[in-house]
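Open the model in a viewer and keep a selection panel at hand. The stops below go one at a time.

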Amino acid sequence: MKMLTRLFCLAMCMPAQQAAMAVPPFPLAGTWSLVAADKIMPDGSRQHDYGEAPSGLLMIDTDGRYMLQIYQQGRPHFTGGEKKTGTRQEFEAAVLGASTHMGTLSMDEMTHTLSFHIASAAFSNWEGTRQERRYELKGDELSYRVPVRPDGQIPVSVWRRVH
(Lines give C-alpha, C1' and ligand atoms only; values in the text may rest on other atoms or scores of the structure.)
Protein backbone atom coordinates (compact mmCIF):
# COMPACT_ATOMS: atom_id res chain seq x y z
CA MET A 1 0.00 0.00 0.00
CA LYS A 2 2.88 2.36 0.79
CA MET A 3 4.30 1.72 -2.65
CA LEU A 4 0.95 2.49 -4.29
CA THR A 5 0.64 5.73 -2.31
CA ARG A 6 4.15 6.78 -3.32
CA LEU A 7 3.42 6.04 -6.99
CA PHE A 8 0.19 8.03 -6.79
CA CYS A 9 1.97 11.02 -5.21
CA LEU A 10 4.74 10.83 -7.79
CA ALA A 11 2.23 10.74 -10.64
CA MET A 12 0.36 13.73 -9.22
CA CYS A 13 3.54 15.78 -8.81
CA MET A 14 4.86 15.14 -12.32
CA PRO A 15 2.41 17.38 -14.25
CA ALA A 16 2.94 20.25 -11.81
CA GLN A 17 6.68 19.85 -12.05
CA GLN A 18 6.54 19.71 -15.86
CA ALA A 19 4.36 22.81 -15.98
CA ALA A 20 6.81 24.68 -13.74
CA MET A 21 9.65 23.74 -16.07
CA ALA A 22 7.77 24.61 -19.30
CA VAL A 23 9.25 27.45 -21.31
CA PRO A 24 6.79 30.29 -21.90
CA PRO A 25 6.03 31.12 -25.54
CA PHE A 26 8.11 33.83 -27.23
CA PRO A 27 6.49 37.19 -26.28
CA LEU A 28 6.29 38.42 -29.90
CA ALA A 29 4.86 35.18 -31.30
CA GLY A 30 2.22 35.81 -33.93
CA THR A 31 1.66 37.31 -37.34
CA TRP A 32 2.58 40.94 -37.90
CA SER A 33 1.63 43.14 -40.87
CA LEU A 34 3.89 45.94 -42.07
CA VAL A 35 2.68 49.45 -41.23
CA ALA A 36 5.76 51.41 -42.37
CA ALA A 37 9.23 50.83 -43.80
CA ASP A 38 10.84 54.24 -43.60
CA LYS A 39 14.29 55.72 -43.19
CA ILE A 40 15.49 58.59 -41.06
CA MET A 41 17.80 60.78 -43.10
CA PRO A 42 21.01 62.30 -41.69
CA ASP A 43 19.20 65.67 -41.37
CA GLY A 44 16.50 64.02 -39.18
CA SER A 45 13.74 64.00 -41.80
CA ARG A 46 11.80 60.80 -42.42
CA GLN A 47 11.21 59.30 -45.88
CA HIS A 48 9.70 56.12 -47.27
CA ASP A 49 12.33 53.42 -47.85
CA TYR A 50 10.15 51.01 -49.88
CA GLY A 51 7.78 53.41 -51.58
CA GLU A 52 4.49 54.97 -50.52
CA ALA A 53 2.68 51.75 -49.62
CA PRO A 54 5.06 48.86 -48.94
CA SER A 55 3.70 45.46 -48.01
CA GLY A 56 5.23 43.03 -45.58
CA LEU A 57 4.70 40.17 -43.22
CA LEU A 58 6.60 39.10 -40.13
CA MET A 59 5.72 35.69 -38.69
CA ILE A 60 7.18 34.54 -35.37
CA ASP A 61 6.45 31.15 -33.81
CA THR A 62 6.30 30.37 -30.09
CA ASP A 63 9.98 29.31 -30.09
CA GLY A 64 11.21 32.57 -31.68
CA ARG A 65 11.70 31.28 -35.21
CA TYR A 66 10.80 34.03 -37.66
CA MET A 67 10.31 34.84 -41.33
CA LEU A 68 10.28 38.49 -42.48
CA GLN A 69 9.34 39.94 -45.87
CA ILE A 70 9.15 43.57 -47.01
CA TYR A 71 8.27 44.52 -50.59
CA GLN A 72 8.05 47.81 -52.43
CA GLN A 73 4.80 47.95 -54.37
CA GLY A 74 4.96 48.85 -58.06
CA ARG A 75 8.23 47.07 -58.80
CA PRO A 76 8.50 46.63 -62.57
CA HIS A 77 7.64 43.29 -64.07
CA PHE A 78 10.33 41.44 -66.01
CA THR A 79 9.51 42.27 -69.63
CA GLY A 80 10.74 38.89 -70.90
CA GLY A 81 8.44 37.09 -68.46
CA GLU A 82 11.33 35.08 -67.00
CA LYS A 83 13.59 35.85 -64.10
CA LYS A 84 16.64 34.43 -65.91
CA THR A 85 16.34 36.89 -68.80
CA GLY A 86 15.83 40.09 -66.80
CA THR A 87 17.58 43.34 -67.58
CA ARG A 88 20.02 45.05 -65.24
CA GLN A 89 17.28 47.53 -64.23
CA GLU A 90 14.77 44.74 -63.55
CA PHE A 91 17.27 42.87 -61.38
CA GLU A 92 18.17 46.06 -59.52
CA ALA A 93 14.51 46.86 -58.80
CA ALA A 94 13.89 43.27 -57.66
CA VAL A 95 16.83 43.32 -55.24
CA LEU A 96 16.47 46.85 -53.90
CA GLY A 97 12.67 46.60 -53.72
CA ALA A 98 12.62 43.69 -51.25
CA SER A 99 14.06 42.72 -47.90
CA THR A 100 13.58 39.13 -46.79
CA HIS A 101 15.27 37.00 -44.16
CA MET A 102 14.54 34.22 -41.69
CA GLY A 103 16.09 32.60 -38.66
CA THR A 104 15.59 32.93 -34.93
CA LEU A 105 14.80 35.95 -32.84
CA SER A 106 15.68 36.74 -29.25
CA MET A 107 14.83 39.77 -27.18
CA ASP A 108 16.14 41.57 -24.14
CA GLU A 109 13.22 43.33 -22.50
CA MET A 110 15.51 45.26 -20.13
CA THR A 111 17.52 46.93 -22.93
CA HIS A 112 14.68 46.87 -25.50
CA THR A 113 16.89 45.00 -27.96
CA LEU A 114 15.87 42.43 -30.56
CA SER A 115 18.55 40.10 -31.94
CA PHE A 116 17.93 38.61 -35.36
CA HIS A 117 20.02 35.46 -35.84
CA ILE A 118 19.78 35.30 -39.63
CA ALA A 119 19.97 31.85 -41.21
CA SER A 120 18.92 32.79 -44.76
CA ALA A 121 18.41 36.11 -46.49
CA ALA A 122 17.84 37.52 -49.96
CA PHE A 123 20.93 39.66 -49.26
CA SER A 124 23.36 36.78 -48.77
CA ASN A 125 25.88 38.90 -46.82
CA TRP A 126 23.47 38.75 -43.87
CA GLU A 127 23.41 34.94 -43.70
CA GLY A 128 24.97 33.62 -40.52
CA THR A 129 24.99 37.05 -38.88
CA ARG A 130 23.38 38.39 -35.73
CA GLN A 131 21.82 41.82 -36.03
CA GLU A 132 20.52 43.86 -33.14
CA ARG A 133 17.69 46.35 -33.27
CA ARG A 134 16.41 48.74 -30.59
CA TYR A 135 12.64 48.22 -30.36
CA GLU A 136 9.48 49.70 -28.88
CA LEU A 137 6.37 47.65 -28.21
CA LYS A 138 3.15 49.57 -27.61
CA GLY A 139 0.17 47.22 -27.42
CA ASP A 140 0.03 45.44 -30.77
CA GLU A 141 2.50 47.77 -32.50
CA LEU A 142 6.17 46.86 -32.75
CA SER A 143 8.75 49.25 -34.16
CA TYR A 144 12.50 48.95 -34.42
CA ARG A 145 15.46 50.77 -35.90
CA VAL A 146 18.06 49.07 -38.04
CA PRO A 147 21.67 50.18 -37.39
CA VAL A 148 22.78 53.22 -39.38
CA ARG A 149 23.74 52.61 -43.00
CA PRO A 150 27.07 53.81 -44.45
CA ASP A 151 25.21 56.78 -46.03
CA GLY A 152 23.91 57.85 -42.60
CA GLN A 153 20.31 56.69 -43.12
CA ILE A 154 18.55 54.72 -40.36
CA PRO A 155 15.84 52.30 -41.53
CA VAL A 156 12.74 52.06 -39.32
CA SER A 157 10.21 49.22 -39.50
CA VAL A 158 6.76 49.39 -37.90
CA TRP A 159 4.58 46.27 -37.57
CA ARG A 160 1.05 45.64 -36.25
CA ARG A 161 0.09 42.27 -34.75
CA VAL A 162 -2.79 40.74 -36.68
CA HIS A 163 -2.86 37.33 -34.98
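Start by selecting Phe-91: at 35% relative accessibility it counts as partly exposed, where buried means under 20% relative accessible area, exposed over 50% and partly exposed in between (1.4 Å probe, protein chains only). The model is predicted, so local features need pLDDT of at least 70 and side-chain atom pairs count only at pLDDT 80 or more, while totals for chains, interfaces and linings use all residues. Residues are numbered from 1 along each chain as its sequence is written, and side-chain values use heavy atoms, with hydrogens and water left out.

Rings of Phe, Tyr and Trp (its six-membered ring) pair if their centres lie within 6.5 Å; planes under 30 degrees apart count as stacked, over 60 as edge-to-face and the rest as tilted. By this rule there are 4 aromatic pairs. Phe-78 and Phe-91 make an edge-to-face pair, at 5.6 Å centre to centre and 75 degrees between the planes. Phe-78 sits in the loop between strand 4 and helix 2 (88-96) and Phe-91 in helix 2, so the pair ties together parts 13 residues apart in sequence. Helices (H or I, at least four residues) and strands (E, at least two) are DSSP runs, numbered from the N terminus.

Next select Tyr-66, Phe-116 and Tyr-144, a cluster linked by ring pairs. Which residues does Tyr-144 touch, not counting those up to four places away in sequence? Among them are Leu-68, Arg-133, Pro-155 and Trp-159, where contact means heavy atoms within 4.5 Å.

Of its 22 residues, Leu-114, Leu-142, Tyr-144 and Trp-159 touch the most other members. Strands that each supply at least two residues of this core include strand 1 (30-40), strand 5 (98-108) and strand 8 (141-145). Strand 6 gives the largest share, 4 residues.

Move to Lys-39 in strand 1. Is Lys-39 buried or exposed? Lys-39 is buried, with a relative accessible area of 14%. Leaving aside neighbours within four places in sequence, its contacts include Asp-49, Arg-149 and Gln-153. Lys-39 and Gln-153 are 114 residues apart in sequence, yet 6.1 Å apart in space, C-alpha to C-alpha.

Finish at Leu-57, in strand 3 (residues 55-60). Leu-57 is partly exposed, at 35% relative accessibility.

Notes:
A nonpolar core is a set of buried Ala, Val, Leu, Ile, Met, Phe, Trp, Tyr and Cys residues joined through side-chain atoms within 4.5 Å.
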